[in-house]
Amino acid sequence: MIKQHSILLAVSLTSSLTLAAGNQPQATETVSVTADRIEKQLHEQSLAISVISQEDIESIGHTHISQVLSQVPGVSISRGNGQENLTAIRSGVLTGAGSCGAFYFAEDGIPLRGPGFCNVNELFDVNAEQAARIEVIRGPGTAVHGSNALNGVINVISLAPSSEPESRLSFEAGPDKYHRVKASHSDTIGKHGYRISVQGNHDDGFKDEAGYDQQKMNVRYDYQGDTWSIQSMLAASNLDQETAGYVLGEDAYKDSHRKRENPNPEAFRNNTSVRYYSRFEREGERDSRFVVTPYLRYTEMEFLQHFLPGTPLEENGERSAGVQSAFYQNYSDNVTLYNGFDMEVTKAYLKQSQAQATLFGRFPTGQQYDYEVDALYAAWFIGGDWQATESTKINFGGRYDIQFYDYNNLMIDGNTAADGSACPAGSCRYARPADDKERFRNSSFNLGLIQNLSKHTDFIANAGHGFRAPQASELYRLQEQQLNANLAEESLNSIEIGLRGNWNTFQYRVSTYWMHKSDVIIQDSNRRNINGGKTVDRGIEANFNWQITPSLMWQLQASYSKHQYGNDALTAEGNEIDTAPRQLAGTLLRWSPFASTQLELEIQHQGEYFLEENNLYHYPGHTLSNIRWRQQYGEQLYSVLRINNLGNIDYAERADYAFGNYRYFIGEPRAAYLELGINF
């Protein structure tokens, strides 16, 4: 059990720092839009929301999304090769075809993928490198999110147009022929503002034959009229990646001769995405506001599944059109209500084929899957804020979702090769269900309390219920003899309590949570997709921010958690979930000795974790340090030197144990990156 006195210890620490923090200028209020789709100050929200600022994004200069999201307590982005990643938010790293359905990934509130069609790597679609900020909700989302906001929300907020002409250009270089170019231009003329942000990067890759090229673009246009304001954006990305697989063998990540090893030089991943939206907003009488956002989405991906026998080629894509709407009304000084309707239609496809025969006789050559899914998603929600007393505020919301799937198999039904013949082993690995229609209905809610204990300290409490519908790949990409998945929704119940404080230069939040997930979709020993898993997640999270002096700032984020199987569907009840370190922590010291100089020291720690569900094998964890030096030369020119893994530590980005082998994505050694930029 988590020791509750950890909260008291944190309060004691903040009390000892209050005197030092009390006589400094008031910090700027931080706003967030992720909880309700409109800007609200963080102190008005009970949820565990973290905001990574533009300053932090630009300072970190991440080459992979994991580097910037490590600033958030309880969040771990497990880096694969190139731009690939797996996500954990108050959970272990979730793997499997539909595991990504537990997270709501968005840009300006618009999901990066359609409900039911998530991809574990979809964060590489979004231009987080040139964002205004990144907002993260830990735990179930709110009424505006619905399906997929089970464990958390990551919302990348685009950079708005500038009020004056502004142009930026930077060049960056690093090891293994890494180079990146970023450029942006922005201006506002009368009622019209625009910003164009583009970047392109190339990396030969630390491992053999494991490089990538990636390009991203955001074009944003804002119009501020007398009646309507309109925010529109076209976002596009392209990734052409060679992929390195796991390196096998106990402690292989410590062997200097194997660090560049790539057991799968033939593997690759190509991905293209395009998204467009226009957000129309109008303010009405009695402090009302109406917002409606139509949007379009297009994705295409192909990759070689190097982790499967026969290395089959997968091709998938989706075309989506949707709309989000919400109406906000202040009914009194104490009550604000909102309600809205969301809808999305999606046409998706998936193909899988294998060019070469295998020795196993169960993986036929030729086409293995070829299906289309037409999906319709609709939801209605209601929520609001109630200032119950001068010192008590309540946030609440509820949502009802409906998800329809219309599946069309374009091949022969059943467990055969593409021509209908039986596999030599008697049973093929892949099974294709007959045409089918599925419908899922579900509801979710969130309830939050903010109780002011003093001018600077709040007690916070949250309760929530979230869910996710089965993903299309879990329903129709079946294996062995299973020809009907017959799956139900996963659900999660969550409770959180904590304290937070806000002084002039010192802020903190400490909270403890408990989450119980039911009907978890798992794959049993016969490779059938079934419901029946349960998990229990509980932990304590803390983050502190102290502006010690005008030139010296210190940040700390840390979490201690325990993630366990709640029944014996996969392993013994009470075993810890694999790839779920108990300890995650990071600290940052930022010093500006001169107005033109900024130095940062960052330390990131990941504790040990088990590599498989039986808890027989483990990874010992690691601690990495990074330094950054930004130097301004006049008003326009600047340079940034970043050195990652300063101590040249041997570590694994991700580790597991499967098929009788330790498997590692080996972390990179010490690496220096130099960025040169100009602001016009």
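Me: Which residue does a disulfide join to Cys-100?

Reply: This is a predicted model. In it, a disulfide joins Cys-100 to Cys-118, with an S to S distance of 2.0 Å.

Me: Where in the chain are Cys-100 and Cys-118?

Reply: The pair links distant parts of the chain, 18 residues apart. Cys-100 is in the loop between β5 (85–89) and β6 (103–107), whereas Cys-118 is in the loop between β7 (110–111) and β8 (133–138).

Me: Are Cys-100 and Cys-118 buried or exposed?

Reply: Cys-100 is buried, and Cys-118 is buried as well.

Me: Why is the disulfide of Cys-100 and Cys-118 called right-handed?

Reply: The torsion about its S-S bond is about 65°, so the disulfide of Cys-100 and Cys-118 is right-handed.

Me: How many disulfides does the count come to?

Reply: The count comes to 2 disulfides. Besides the pair already discussed, a disulfide joins Cys-423 to Cys-428, with S to S at 1.8 Å. The torsion about the S-S bond of Cys-423 and Cys-428 is about 100°, so this disulfide is right-handed.

Me: Why do Cys-423 and Cys-428 count as buried?

Reply: Buried means under 20% relative accessible area. Cys-423 counts as buried because its relative accessibility is 6%, and Cys-428 because its value is 1%.

Me: What is the pairing when the bonded cysteines are numbered in sequence order?

Reply: The pairing of the bonded cysteines is 1-2, 3-4.

Me: What does Ile-154 touch?

Reply: Leaving out residues up to four places away in sequence, Ile-154 touches Leu-69, Ile-89, Tyr-104, Phe-105, Ala-106, Leu-123, Ile-134, Glu-135 and Val-136.

Me: Now the surface. Which residues form a nonpolar patch there?

Reply: The patch is formed by Ile-196, Val-198, Val-219, Leu-234, Val-274, Tyr-276, Leu-296 and Tyr-298. Together they have about 570 Å² of accessible area. In soluble globular proteins, nonpolar side chains tend to be buried together.

Me: Which strands each supply at least two residues of the nonpolar patch?

Reply: They are β12 (192–203), β16 (268–283) and β17 (288–304). Tyr-276, one of the patch residues, is in strand β16. Its relative accessible area is 36%, so Tyr-276 is partly exposed.

Me: One last topic, the backbone. What is phi of Lys-177?

Reply: Phi of Lys-177 is near 60°, a positive value in a residue other than glycine. Most residues other than glycine have a negative phi. Lys-177 is found in the loop between β10 (166–174) and β11 (178–189), and it counts as exposed because its relative accessibility is 59%.

Me: And where is Asn-486?

Reply: Asn-486 is in the loop between β25 (478–479) and β26 (490–502). Phi of Asn-486 is near 50°, a positive value in a residue other than glycine. With a relative accessibility of 63%, Asn-486 counts as exposed.

Key
Residues are numbered from 1 along each chain as its sequence is written. This is a predicted model: local features need pLDDT of at least 70, side-chain atom pairs count only at pLDDT 80 or more; totals for chains, interfaces and linings use all residues. Side-chain values use heavy atoms; hydrogens and water are left out. A disulfide is a pair of cysteine sulfur atoms within 2.5 Å. Helices (H or I, at least four residues) and strands (E, at least two) are DSSP runs, numbered from the N terminus. Buried means under 20% relative accessible area, exposed over 50%, partly exposed in between (1.4 Å probe, protein chains only). Patches are made of residues with over 30% relative accessible area and no salt bridge: like charges are joined within 9 Å, nonpolar side chains (Val, Leu, Ile, Met, Phe, Trp, Tyr) within 5 Å. Accessible areas come from the Shrake-Rupley method with a 1.4 Å probe; for residues, only the protein chains shown count as cover. A salt bridge is a side-chain nitrogen of Lys or Arg within 4 Å of a carboxyl oxygen of Asp or Glu. Contact means heavy atoms within 4.5 Å.
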